[in-house]
Amino acid sequence: DIAYFYSEEKYTFLHLFTGGRYVIGYSLDQLEGMLDPGMSFRVSRGFITSIDAVVESTRYFGNRLVLRLEPEFPQRVLVSRGRVNAFLRWADGIYDETV
């Protein structure tokens with residue numbers, strides 16, 4: 001039911017597919033270790049998305065990707081340059097724990 005997690009002004013939020021948004025008591029670093037790596041991916045320092053929330057990824061300036069998510073996120077969600085290859089493998093279902 002969780003579409004994505006993100007950090008904003010020292011708070012961590014979870015956003016549901018139904019549109020609900022909640023402050024939670026975990027950092028993204030903590031969440032990353034708790035989530036199923038086949039279902040979620042840390043696209044940047046401040047954002048973790050579930051595979052089901054990713055509608056589209058397109059190339060963006062500086063060898064990055066920009067994501068279109070559902071539910072929509074009000075700001076541009078970019079995959080960090082160093083995570084692009086791992087993200088593409090993850091999105092294709094070829095998750096590699098060594099990455």
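**An aromatic pair and its strand**

Author: With a relative accessibility of 5%, F47 counts as buried (under 20% relative accessible area with a 1.4 Å probe, protein chains only; exposed is over 50%, partly exposed in between). The model is predicted, so local features need pLDDT of at least 70 and side-chain atom pairs pLDDT 80 or more, whereas totals for chains, interfaces and linings use all residues. Residues are numbered from 1 along each chain as its sequence is written, and side-chain values use heavy atoms, without hydrogens and water.

Across the whole structure, a search returns 10 aromatic pairs (Phe, Tyr or six-membered Trp rings with centres within 6.5 Å; stacked under 30 degrees, edge-to-face over 60, tilted for the rest). One of these joins Y4 and Y6, whose ring centres are 6.2 Å apart and whose planes make 50 degrees, a tilted arrangement. Y4 and Y6 are both buried. Y4 also pairs with F47: here the centre distance is 5.2 Å and the angle between the planes is 35 degrees, so this pair is tilted as well. Because Y4 belongs to strand β1 (residues 2–8) and F47 to strand β5 (residues 47–50), the pair ties together parts that are 43 residues apart in sequence (strands are DSSP runs of E, at least two residues, numbered from the N terminus). For Y4, the relative accessible area is 0%, so this residue is buried.

β4 and β5 run antiparallel to each other and are paired over 4 bridges (pairing needs at least two DSSP bridges). With 2 residues between them, β4 and β5 make up a hairpin. Within this arrangement, F41 has T49 of β5 as its bridge partner. Strand β4 (residues 40–44) is mostly covered, since 5 of its 5 residues are buried.

S50 is also a residue of strand β5. Its relative accessibility is 11%, so S50 counts as buried. Leaving aside residues up to four places away in sequence, S50 touches I2, A3, F17, M39, S40 and W90 (contact means heavy atoms within 4.5 Å). Strand β5 thus holds F47, a ring partner of Y4, and S50, with contacts that include I2 and W90.
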